[in-house]
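Biologist: Can you walk me through this one? I have some quick questions.

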Amino acid sequence: MSNYFYVSPEQLIKDRAEFAQKGIARGRSIVAAIYDVGVLMVAENPSASLNKISEIYDRIAFAGVGKYNEFDRLREAGIRWADGTGFTYSREDVDARALANYYAQHIGDMFTEGQKPLEVEVLVAQLGTAIRPTKLFRIAYEGTISDETRFAVLGGDSETIKGRFSAAETDLEPLDVTLRNAVAALAGADRKIDVVDLEVCVLQDMGDRRTFTRLTDERVAALLGT
Amino acid sequence: MGLPLFSASDDPGPSFLRFAERSGLVEARSGTEPAGRHATTVIAVRYVGGVVMVGDRQATSSYIASRDVRKIEAADRFTALAISGSAARGMEFIRMAQLSFEHYEKMTDMSLSLEGKANYLSPIIQRNNLSTPLTVIPLLAGWDPSRRDGRIFEYDGAGGCYERRDFATIGSGTPFAESALRLGFRTDLDREAALELGALAIYEAGDNDPSTGGPDFVRNLFPMVIILDEYGFAELPADEVAQRFVAINERRTQSQGVAGGSLR
């Protein structure tokens with residue numbers, strides 16, 4: 001017969017939160033920011049093929065930090081949800097807020113009921129239309145969903161990076177300025193990130209139905225002016 | 001629909017169809033259904049540097065149901081998909097194909113190869129055509145970036161997929177369009193010659209097959225003409241298409257309605 005020890009709910013939540021935070025802090029961060037005509041997402045990612053940022057739908061993108069296998073599964077579920085919803089109803093009925101809520105519910109359930117909490121933080125970004133606003137939804141490891149108005153930072157050192165970015169950028173700027181500010185915020189004062197270690201994607205309307213673009217290293221270098 | 005999560009052992013992978021079946025978005029079909037609108041002629045011709053596709057615009061039941069149907073659609077940037085047979089099923093088929101190719105690309109961060117797209121459609125055609133009288137026969141053509149060549153894939157009613165090195169036709173006007181293509185096709189066609197031949201083939205089908213719409217000078221509606229080359233899918237502008245059919249029509253008027261012993 002096994003012995004059960006009493007653990008208070010406060011302690012249980014605290015332990016789980018610490019566990020998730022530790023897992024997330026091991027990885028590099030992501031900055032997502034709205035610029036004058038789109039949404040920019042920048043990740044520090046030394047891998048060229050294991051992406052942290054990806055396309056979900058015509059005007060919706062996904063970004064995740066933490067354990068790759070865990071956030072990649074959420075990414076796949078998001079694409080399936082979006083394609084399935086668009087197939088059943090119409091393409092314009094696919095809404096980022098609904099997806100963000102599903103993510104928040106699932107991540108929240110895993111935090112309280114799962115074997116272990118998911119060691120992830122995810123972002124759902126939406127490029128606005130006539131009937132929908134441009135939005136950034138950040139979902140934390142315990143399922144908290146926050147609706148960020150201008151920019152969001154995911155990952156371990158988010159408070160510091162947030163401070164650096166908000167000090168540098170106070171208004172909507174063009175893409176190159178926002179990218180420079182985002183990379184500077186990720187790097188900090190005494191560090192420089194190589195272009196090959198950056199994963200940069202944007203949601204911007206170029207007249208096509210799909211708005212997601214993964215920027216090449218050459219394009220990123222040109223925008224950074226390096 | 002909730003968040004569709006699957007465990008690693010029963011994950012449907014990047015196939016939208018498998019996912020749609022698993023989650024009940026589409027159902028296996030059975031029984032008989034009333035016949036809807038159908039009949040068509042669409043042709044595809046290879047030329048040096050790409051493929052030209054031409055399709056008529058008429059939907060027919062026991063009367064002309066519509067005169068401006070688009071039977072050729074871009075399945076993605078480098079691929080065109082045309083349908084013949086049941087209009088309802090055909091439209092659904094095109095939608096499923098478009099969504100599937102994009103779904104695969106988003107899930108895997110890679111485009112399906114042209115051959116991969118052609119093979120993916122086979123079981124969908126088979127499932128549809130063996131379970132209902134509302135058959136659909138598609139025609140797939142595209143630019144293959146890995147071979148740097150235009151390619152055409154045709155299907156039989158049971159979903160069999162065959163690559164054609166010359167040209168292909170689908171729909172009720174096939175005998176007439178096919179005859180024109182057989183007489184006019186050469187392996188060294190350039191784009192201009194392929195456009196001319198394709199337009200002539202559809203003109204012949206429209207002239208002879210009651211279920212295929214020819215150029216409609218009254219309503220200014222003309223068959224749709226698609227070019228697939230290294231720049232991807234492009235539709236020829238309406239006025240350019242109109243000019244081609246006006247020219248053919250004038251030649252035919254001069255020769256009093258017969259081709260006059262040559263491909264005119």
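Modeller: Let's begin with a strand pair. In S12(B), B:Phe233 is the bridge partner of B:Leu228. Keep in mind that this is a predicted model.

Biologist: In which sense do strand S11 and strand S12 of chain B pair, and over how many bridges?

Modeller: Antiparallel, over 4 bridges. S11(B) covers residues 224-229 and S12(B) covers residues 232-235.

Biologist: How many residues sit between S11(B) and S12(B) in the hairpin?

Modeller: The hairpin has 2 residues between them.

Biologist: Now the 5-stranded sheet in chain B. What is the strand order?

Modeller: S5-S6-S7-S8-S9, an open sheet with antiparallel pairing.

Biologist: Which strands stand at the edges?

Modeller: Strand S5 (72-76) and strand S9 (161-164) of chain B. Each has a single partner strand, so one side of each has no neighbour in the sheet.

Biologist: And how many degrees are neighbouring strands turned against each other on average?

Modeller: The average is 25 degrees, direction ignored.

Biologist: Let's go inside the sheet. How many bridges join S6(B) to S7(B)?

Modeller: There are 7, and the two strands run antiparallel. One of the pairs puts B:Gly85 with its bridge partner B:Val136 in S7(B).

Biologist: What about strand S7 and strand S8 of chain B: how many bridges there?

Modeller: 6 bridges, again antiparallel. S7(B) is residues 136-144 and S8(B) is residues 149-155. B:Trp143 stands opposite B:Gly150 in S8(B). B:Asp144 stands opposite B:Asp149.

Biologist: What does the turn between S7(B) and S8(B) look like?

Modeller: It is a hairpin with 4 residues between the strands. B:Arg148 in that turn has a positive phi of about 50 degrees.

Biologist: Is S7(B) largely enclosed or largely open?

Modeller: Largely enclosed by the rest of the structure, because 8 of its 9 residues are buried. Buried here takes 20 or more other C-beta atoms within 10 Å of a residue's own.

Biologist: Which strands does H2(B) lie across?

Modeller: S5, strand S6 (79-85) and S7 of chain B. H2(B) runs at about 160 degrees to S6(B). H3(B) packs on the sheet too, touching S5, S6, S7, S8 and S9 of chain B. The direction of H3(B) makes about 175 degrees with that of S7(B).

Biologist: And how do H2(B) and helix H3 of chain B pack: what angle, what distance?

Modeller: About 145 degrees, with the axes 11 Å apart. H3(B) spans residues 114-129. The crossing is right-handed.

Biologist: Which residues make that contact?

Modeller: From H2(B), B:Arg89, B:Phe93, B:Met96, B:Ala97, B:Ser100 and B:Phe101. From H3(B), B:Lys117, B:Tyr120, B:Leu121, B:Ile124 and B:Asn128. By class they divide into 7 nonpolar, 2 polar and 2 charged.

Biologist: Switching to the two chains. How many residues of each are in contact?

Modeller: 15 of chain B with 16 of chain A. Helix H1 (16-22) and H2 of chain B each supply at least two residues of the chain B side. H2(B) gives the most, with 4 residues. That side has 10 nonpolar, 3 polar and 2 charged residues.

Biologist: How do H2(A) and H2(B) run: roughly parallel or roughly antiparallel?

Modeller: Their axes come within 10 Å and cross at roughly 165 degrees. They are therefore roughly antiparallel. H2(A) is residues 68-88, and H2(B) is residues 87-108. H2(A) passes H2(B) in a right-handed crossing.

Biologist: Which residues meet there?

Modeller: A:Glu76, A:Ile79, A:Asp83 and A:Phe87 meet B:Leu99, B:His103, B:Lys106 and B:Met107. The class count is 4 nonpolar, 1 polar and 3 charged.

Biologist: What about the sheet in chain A: what is its order?

Modeller: S3-S4-S5-S6-S7, an open sheet of 5 strands with antiparallel pairing. Strand S3 (53-57) and strand S7 (145-148) of chain A are the edges, each pairing on one side only. The twist averages 25 degrees from one strand to the next. Strand S6 (residues 135-139) of chain A pairs with S7(A) over 4 bridges. A:Arg138 stands opposite A:Ser146 there.

Biologist: Last one. Where is A:Val37?

Modeller: In the loop between strand S1 (30-35) and strand S2 (38-44) of chain A. A:Val37 counts as partly exposed because it has 15 C-beta neighbours inside 10 Å.

Notes. Residues are numbered from 1 along each chain as its sequence is written. Chains are lettered from A and ligands numbered from 1 in the order in which they are written. This is a predicted model: local features need pLDDT of at least 70, side-chain atom pairs count only at pLDDT 80 or more; totals for chains, interfaces and linings use all residues. Axes are lines fitted to C-alpha atoms, for helices over the stretch in contact, and angles run from 0 to 180 degrees between N-to-C directions. Angles under 35 degrees count as roughly parallel, over 145 as roughly antiparallel, 65 to 115 as roughly perpendicular and the rest as oblique. A crossing is left-handed if the near helix is turned anticlockwise from the far one by less than a right angle, and right-handed if clockwise. Two residues are in contact if their C-beta atoms, placed from the backbone, lie within 7 Å. Ala, Val, Leu, Ile, Met, Phe, Trp, Tyr, Cys and Pro count as nonpolar, Asp, Glu, Lys and Arg as charged, and the others, Gly among them, as polar. Two strands pair if DSSP finds at least two bridges between them. A residue is buried if 20 or more other C-beta atoms lie within 10 Å of its own, exposed if 12 or fewer, and partly exposed in between; C-beta atoms are placed from the backbone.
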